[in-house]
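Here are some notes for your read of this model.

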Amino acid sequence: MLRFLLCLAVVCCLAEPLQANILSVRVGIEERYKNGLWTTITVNSSEQIQTLAVRSSDSDGTPITYHYEGDGMSKTTVLAKLGRKDAPIQVSVNGGAFQSFDVPMPVNAERPIYLIFGNDDIGLQGAVAELMLREDRRPLLVKINSVDELPTKWFGYESVEMVVLTTTEPELFAGLAAESPQIQALHTWLQLGGKMLLCVGQNAEQFLADETGWLHLFLPGRFDGMTELRNGNPFERFAGSQRQIFMNGTDEAPFMRMPRIVEPRGIIFVQDGDLPLVLQSTHGLGMMLYFASDLSGRPLNHWRDRTTLVRNMMQWNRAQQRAALAPRSGAMLQLGYNDIAGQIRSALDQFEGVHVVPFSVILLILTAYWLVIGLFDWYFVHKVLKKPILTWLTFPLWIVLFGFLTYALAVPGRPNAEKHNVLTLYDVDVATGIVRESTWESVYSPRDAIVSRLRGEQSADNFFSWFGLPGSGLGGMAPNTVSPSVWQTGSEQVDYGQIVNVPIQTRSTKIFFGTQPITAVREPLNFAAGSVYVAQLADDEGIPVGTIEFRGDLPITNAILVYGRWALELGEITPGQTVTITKTTPRRDLRDLLIPPHTLDNENLRRLATYNPQSKDLEYIVRVLSLHRVLGGFEATGLHHAYMPSLDMSDLLLADRALLLGGALSDSATVVYRASLPIELTATSPRLGRERRELLPDALDAPIRPGYIEVP
C-alpha cells in the first residue's frame, strides 16, 4: 500500500498541472484588427482567471509571450500585438498548458477602420459606397454591439481611424459614466490624436443631465440645455440640395431636438443663428466632428440627400480620392515598404560604422567569379600553361582569393560594439497642455544577444514593444511565403511598457516603439513648469501673425510654422526667446516640404524635385509624416500613411490651429518637437465664408470666434 501511494505521488508530481477549460478566445474589436498594432483579446474560461498568458509572434516571426494579472473573473479582455497574418495564438490560464486558437484574417494595413457605437444607419454606409475607392482602401465600418467590446486602455484603439458615436440608442450606453474605463480610454485616445464623429440628438439629454455626465467630455463647447430646430434650410444649403427636409412636429416628421452648445470651439460649418449644427474642432491632439442631430432618426433618415450631407461633413470629395484609384505602388518592390512607417524603420537601421555591401557589388563579384572560374581559368591552364592538370591547384586558389575579397569588403562594415538609433517626437497641444511622447529605438547587435527594454514611466497609459513593418515585403508582417523562426524561445511582454528577453541574431537589428502621455517633468522639455509655448497668433489674410514664446530647456533648430498653404521659416529658437511673426517673415509654399532640404535653394533642382521615399534624413521624413494628408498623401509621396495615422497632424491644420515643427541637438537621439498652436480667425481670414466676414468689423485687432463657412 505504501509503495502504491509513493508511486501515485511521483506520477502526480510529474504530471502537467490541471488545464483550465478555455471556452473561447475572441481577437479584435468585433473580430477586426491589424497586424503589428495593439488589439483586444477576450478570453472566456470555465474558472476564475488569476493569471493569463498569450503567446504569439512579432513581426520577425520570433515568439513573444504577453503576461497579465487576472481580475478573478471568468472572462477578461487584454491587449496584445500579433505580428504575422497566418500565425495562430496560444493562451494559458492560471499557469496551465498553452492551447492553440486560430485567429481571423487581419484587416489590410492600408484600409481605415471606423468603429460605430450606436445606431449605424446614419448615411455613412451610402457615403462610403459612393467613394471612388478600391475595396482594400474603402473605410471598413464596424458596429459595436456591446459596451464590453470597447477597449479599456486608450491604445486599444491603435488600429482605429475614427470612432463614430451616436446617441440614438441610449440603451447601449447603460452603466457607463465619465469615470468608466471605457469612456476614459476613448477620451484619452481622442486627446492623443484620435478622430471622432459625434452625432447627438434628442437622447443626448440623459447623458448631459448633470455636470458628471460622460458626454460632457466630448462636447466641443458648453452645454446650455436642449432646443429644437424647426427649419432644415441650414442642412439643405450645406448639402447643396433642392429637396426639402420636411418637419411639422408630428411623429412622422418631428422637429429636430438637440443640445444647445454655447462658446463653441473650432470652425462652424453649419449654424442656425447662434446654434452650431455642424462644426470641426480640435480635442487635444485629436479631431472632433460634431453633428447636432439624429442622422438615424426622423426626419433626416427619410431625406434623400442625407448621404450627400454626410459626405460633405466628412469632407470627402473626388479630388481627395484620386490617390486611392492610382495603380498599386511599386515602392514595395523597390524599397521593401510602401508605408512611411517603413521609411522610418529603414532610416533607423542605418548605423554609424555599419555598412552593408550593396547588392550591385555582390552581383559584380559573382559575375567576376563565374567568368574567372568558367572562362579565364580554362584558357589560362589550357592555352597559356598547357597543363590542364593544374586546374586542381588553380581552382581552389580562385575560391580562396574570392573568399578573402568578400571578407575584406564585409569586415570593415561590421563593428563589434552594440549600437543604438533613437527617434523621439514630442507633441504638445498648447491650448490644453496635452503632451504625447513617441519613441522609436533601433538596436544593432554584433552577436547573438538578449536585450530588454523599458521606456518611460511605469504607468497603465504607456506602451513600449516591438515595431513591425507593414506589407508583404521582405521582413513585412504579411509575408507571401513561410518564414520559420530560428528561435525556439522568444521575448516576453511583462507589462505594456516593458519587453524583456528579446533575442537578436548576429549582426542584426531590432526596432521598438512606444507612446505615452506625459504628465510629469521630462527632459529635454520641462512639461511641468507650465506651458512650453505661449502663442498669440491671428490669421491675417491666410498668414499667421503674432508672437510665440518658447520656455523649453533646449534650443529648437530648423523651426518652421505651418499654417494654411504656407511654411514660415523661423530658424533657431533659443530657450526664453519670443519670436515675432509678421507678413514679412520668410515663407515657402507648403508643398516645398516635400522637397529634400539640399535641393530647396537650387531653383533648377527645385522645379523637378519630388518627395524622396529613399531618404534616410529623419527630420525630413518626420516633417512629411506630420503633414502627409495636406501635402497630397499617397499621390504626392508614393507612400501610404496608414500604419500610424494618429501621428499625422494634418487634421489640426484644417481647424483653427497652426503647427510648429523643429528639431533639437542631441548626441544620443534625433528629437523633433511638434506643437499645435491656437490661432484666432479674424475678419480677413479666408477660412471664414464671405457672408460671415461681411458682418464683422474691419479692424484686425478684434479676433472673433469662428463662424459659418459658406460651402461652394
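1. Elements and the Asp120 loop. Helices here are DSSP runs of H or I with at least four residues, strands are runs of E with at least two, and both are numbered from the N terminus. On that basis, Asp120 sits in the loop between strand S8 (113–117) and helix H2 (124–129). The model is a predicted one. Asp120 counts as partly exposed because its relative accessibility is 25%, and partly exposed covers the range between under 20% (buried) and over 50% (exposed). Leaving out residues up to four places away in sequence, Asp120 touches Gln125 and Lys143. The C-alpha atoms of Asp120 and Ser296 are separated by 7.4 Å, although the two residues are 176 residues apart along the chain.

2. Overall make-up. The protein has 15 helices and 31 strands. It has 712 residues, and 54% of them count as buried. Take the contacts with a separation of 6 or more: residues 24 or more positions apart account for 68% of them.

3. Helix H8. How many of the residues of H8 are buried? The count is nine of nine, so the helix is mostly covered by the under 20% cut-off. The buried residues include Ile340, Gln343, Arg345 and Leu348. They pack against strand S17 (419–429), S18, S23 and helix H12 (618–626).

4. Ser346. This residue lies in helix H8, which spans residues 340–348. Is Ser346 buried or exposed? Ser346 counts as buried because its relative accessibility is 18%, and the cut-off for buried is under 20%. Its contacts are Tyr337 and Lys616, not counting residues up to four places away in sequence.

5. Cavities. The search gives five cavities of 30 Å³ or more. The largest cavity has a volume of about 350 Å³. It is lined by 28 residues, and the closest to its centre are Gly193, Arg436, Pro645, Ser646 and Leu647. Which elements give two or more residues to this lining? They are strand S16 (286–291), strand S18 (434–445), strand S23 (508–517) and helix H14 (650–653). By class, the lining has 15 nonpolar, six polar and seven charged residues. Please look at S18 and S23 in particular. Both give residues to this lining, and the buried residues of H8 pack against both.

6. Backbone points to check. A cis peptide bond joins Arg298 and Pro299, with omega at about 5°. Pro299 is in the loop between S16 and helix H5 (306–313). Gln315 is not a glycine, yet its phi is positive, near 60°. It is found in the loop between H5 and helix H6 (322–325). At 28% relative accessibility, Gln315 counts as partly exposed. Lys386 also has a positive phi, about 55°, and is not a glycine. Its loop runs between helix H9 (359–384) and helix H10 (391–410). Lys386 is exposed, because its relative accessible area is 63% and the cut-off for exposed is over 50%.

7. Aromatic pairs. The whole structure holds 31 aromatic pairs. A pair of rings is described by the distance of the centres and the angle of the planes. Phe173 and Phe207 form an edge-to-face pair, at 5.3 Å centre to centre and with 65° between the planes. Phe173 is buried, with a relative accessible area of 2%. Phe207 is buried as well, at 8% relative accessibility.

8. Aromatic cluster. One cluster is formed by Trp38, Tyr66, Tyr68, Trp154, Phe155, Trp440, Phe463, Phe467, Tyr496, Phe513 and Tyr643.

9. Charges over Trp566. Which residues lie over the face of Trp566? Arg565 does, at 4.3 Å from the ring centre. Arg587 does too, at 4.6 Å from the ring centre.

Notes
Residues numbered from 1 in each chain as written. Predicted model: local features only at pLDDT ≥ 70, side-chain atom pairs only at ≥ 80, totals over all residues. Heavy atoms only, no water. 1 Å grid on protein atoms, 1.4 Å probe; cavity = no way out; pocket = protein on both sides within 12 Å on 5 of 7 lines; lining within 4 Å. Points joined across faces, edges and corners; volume = space filled by probe spheres on them. Nonpolar A, V, L, I, M, F, W, Y, C, P; charged D, E, K, R; others polar. Buried < 20%, exposed > 50% of the residue type's maximum accessible area, 1.4 Å probe, protein only. Contact = heavy atoms within 4.5 Å. Phe/Tyr/Trp six-rings, centres within 6.5 Å; stacked < 30°, edge-to-face > 60°. Lys NZ or Arg CZ within 6 Å of the ring centre and 35° of its normal.
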